Amino acid sequence: MAALAWLLIPLVAAIGAGLWGSWANRTRKARSDGPELDGYARFRAAMEKPHSHT
């Protein structure tokens, strides 16, 4: 019976890791890099504008 308990520990840990992984990844589909990439594109456009020296 003790051997069975030692075999159940990794099984329970693997199931727990799978559940945690699916929970941690649940909102990743809702988020995208769109806003960050848009901000970076605006930054690059602003940096590439020619400066008028007076």
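Author: A helix is a DSSP run of H or I at least four residues long, and helices are numbered from the N terminus. In this predicted model, the chain has 2 helices and 0 strands. L19, for example, lies in helix α1, which spans residues 2–24.

Reader: Is L19 buried or exposed?

Author: Exposed means over 50% relative accessible area, and buried means under 20%. L19 counts as exposed because its relative accessibility is 56%. For the chain as a whole, 0% of the 54 residues count as buried. The chain exposes about 5400 Å², of which carbon and sulfur atoms supply 68%.

Reader: Which residues form the nonpolar patch on the surface?

Author: Nonpolar side chains are joined into a patch when they lie within 5 Å and have over 30% relative accessible area. Here the patch consists of M1, L4, L8, L11, V12, I15 and L19, with about 760 Å² of accessible area together.

Reader: Which side chains meet in a salt bridge?

Author: The criterion is a side-chain nitrogen of Lys or Arg within 4 Å of a carboxyl oxygen of Asp or Glu. By this rule the count is 1 salt bridge; R44 and E48 form it, at 3.2 Å from N to O.

Reader: How many residues apart are R44 and E48 in helix α2?

Author: They are 4 residues apart in helix α2 (residues 34–48), so about one helical turn separates R44 from E48. As for accessibility, R44 is partly exposed, with a relative accessible area of 40%, whereas E48 is exposed at 57%.

How values were computed:
Residues numbered from 1 in each chain as written. Predicted model: local features only at pLDDT ≥ 70, side-chain atom pairs only at ≥ 80, totals over all residues. Heavy atoms only, no water. Patch = residues over 30% accessible without salt bridge, like charges linked within 9 Å, V, L, I, M, F, W, Y side chains within 5 Å. Areas by Shrake-Rupley, 256 points an atom, 1.4 Å probe, with all protein chains shown as cover. Buried < 20%, exposed > 50% of the residue type's maximum accessible area, 1.4 Å probe, protein only.
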